[in-house]
Amino acid sequence: MTISLLDLKAQYEQIRTEVQGAINTVLESTKFILGPNEIYFEEEIAKYLGVKHAVGVGNGTDALVIALDSLGIGLGDEVITVPYTFFASAECISRVGAKPVFVDVDPTTLTMDPEKLESAITAKTKAIIPVHIFGRAANIRRITAIAQEHHLFVVEDACQSMGADADGKKLGTFGDIGVFSFFPTKNLGAYGDGGLIVTNDDTLAERMQMLRAHGSKVKYHNEMIGYNSRLDEIQAAILRVKLTHLDDWNQKRQDIARKYNQLLDGLPIQLPDIGLENQHIFHLYTILTDKRDELKEFLEKKGIETGIYYPLPLHLQPAYSELGFTVGDFPVSEAACKRNLSLPMYPELTDEQIDYVANSVRSFFKEELMP
Ligand SMILES: *Cc1c(COP(=O)(O)O)cnc(C)c1O
C-alpha cells in the first residue's frame with residue numbers, strides 16, 4: 001500500500017463538477033481581478049468566521065506583511081513571534097523593517113508559551129504574532145490579555161487553522177488582525193496562491209483594502225505606498241465552493257486524529273494534544289519522537305510518505321544569522337525540530353489506510369524495542 005502525506009486528488013474528485021463550473025463562470029465573465037467572486041467570498045468567509053471585515057490578498061505571506069504595515073509597524077520596532085513555525089511568520093516582521101523577537105513554544109501544544117512572553121517585551125515591542133501551528137489554537141486568551149496589559153497589537157498567524165476555534169470563537173478573530181493562507185496544501189486551499197486578512201476594525205480594514213491595491217481607493221489615485229496583492233477571481237470562485245465543505249473536512253481530520261491517537265497510544269512518542277472541542281483541526285498530524293529519522297525511513301519503505309515540519313527553527317536560519325542566536329537559545333523549538341514527524345493527514349483517508357499507518361508505526365517500535 002502507498003499512502004501520501006496529502007492527497008489533493010481525492011478531494012478534487014469529490015468537488016470536480018462544482019469547481020469546474022465555478023472556474024468556467026469566471027472564464028466566461030472575463031473579470032479576473034477584484035470581481036464579484038472576490039466580493040462574495042469576502043462576505044461569506046467573514047460571516048463564517050464571525051468577523052466584520054475580510055480582505056482577500058495574493059498569499060498568506062503578503063497578508064502578514066500588509067497586516068503589520070496597516071498597523072504602522074516598521075523600522076525601530078520589535079515584533080514577537082515563535083521560532084517553531086514557517087519562515088513567513090518572522091519574515092513579514094523583517095520585511096516591514098522591524099526586528100523579530102522570539103519566544104519559545106510550549107512543549108505540549110507547540111504554540112507560543114505565554115509564561116515566557118512577558119520577559120520578551122521591551123519598550124520597542126509593538127505587536128505579537130502567535131501562530132496556531134498545525135491547526136491547533138495557541139493559548140490565545142492568555143496572549144491577548146498580556147498584549148492588552150502592555151498595549152500591544154496581536155496579529156494571529158492562522159495560516160494553518162481555518163475553521164478551528166477556542167471556546168466557539170474562531171481563530172483569527174481574537175487579535176486585532178487575523179491572517180490566513182490559501183496555499184493549495186492548507187486545510188482550506190486554493191488551486192494557486194491566495195491569502196486573507198480579517199479584522200473587526202473599520203479603519204484597519206480600509207487601510208488593508210488600499211494597501212493591497214497600490215494604496216488606492218479610487219483607481220489611479222494613490223494615497224499611500226502599497227502592494228499589488230489581490231485574491232484573483234478564479235481562486236475566489238474555487239474557495240467559495242470549498243468553503244461549503246470545510247466544516248465537514250475539518251470534522252473528518254479531527255476524527256482521523258482521534259483514531260491515530262488511540263491506535264498509537266502507549267508507544268515512546270508524544271502524540272498531538274487535541275485540546276477541547278474544535279481547538280485543533282489537524283492541518284497536520286504531527287508526532288514527536290527521538291527516533292524520528294529512523295521512523296521516517298522505515299515508513300518510507302512501507303510506502304508511507306511523511307513530512308518534517310520544520311527541520312530548522314527560525315532563530316537558527318541562515319537568513320537570521322545577523323540576529324546572533326546560537327543553539328540552546330530556544331530549546332523547546334530546537335527539540336521539536338529534531339523530533340517532529342507528520343503522518344498522512346487528509347479528510348479522505350480511509351480506516352484501512354489509518355490502520356496501515358498506525359500498524360506500521362507500531363511495528364517499527366516493536367523492532368526498535370526488541371532486545
Ligand atoms: C503557509 C504559511 C504562511 C504563508 O502563507 P503563503 O500563502 O504560503 O504565503 C505563513 N505562516 C504559516 C504558519 C504558514 O503555514
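Student: How far is an oxygen atom of the ligand from an N or O atom in the side chain of Thr61?
Tutor: The distance is 2.5 Å. That falls under polar contact, a pair of N or O atoms within 3.5 Å; within protein, one must be able to donate a hydrogen and the other to accept it, and residues adjacent in sequence count only if both atoms are side-chain atoms. Keep in mind that this is a predicted model, where local features need pLDDT of at least 70 and side-chain atom pairs count only at pLDDT 80 or more, while totals for chains, interfaces and linings use all residues. Residues are numbered from 1 along each chain as its sequence is written, and side-chain values use heavy atoms, with hydrogens and water left out.

Student: What are the distances for Gln160 and Ser181?
Tutor: Gln160 has a polar side-chain atom 2.8 Å from a ligand oxygen. For Ser181, an N or O atom of the side chain is 2.7 Å from an oxygen of the ligand.

Student: How many residues surround the ligand?
Tutor: There are 14, each with a heavy atom within 4 Å of the ligand. Gly60, Thr61, Gln160, Ser181 and Lys186 are the closest.

Student: Switching topic. How is the chain divided into domains?
Tutor: Domain 1 covers 8-102 + 110-243, and domain 2 covers 247-369. The bounds come from an automatic or database domain assignment. Over C-alpha atoms, the two centres are 25 Å apart.

Student: What area is buried between domain 1 and domain 2?
Tutor: About 2900 Å², with carbon and sulfur atoms giving 60% of it. Buried area here is the accessible area (1.4 Å probe) that the two parts lose on being put together, summed over both.

Student: Which residues of domain 1 lose the most area to domain 2?
Tutor: Tyr84, Phe134 and Arg136, which together account for 24% of what that side buries.

Student: And how many salt bridges cross that interface?
Tutor: The rule finds 1 between domain 1 and domain 2; it asks for a side-chain nitrogen of Lys or Arg within 4 Å of a carboxyl oxygen of Asp or Glu. Arg136 also pairs with Asp273 in a salt bridge, with the closest N and O atoms 2.2 Å apart.

Student: How many salt bridges in the whole structure?
Tutor: The search finds 15. One of them joins the side chains of Glu38 and Arg212, at 2.9 Å from N to O.
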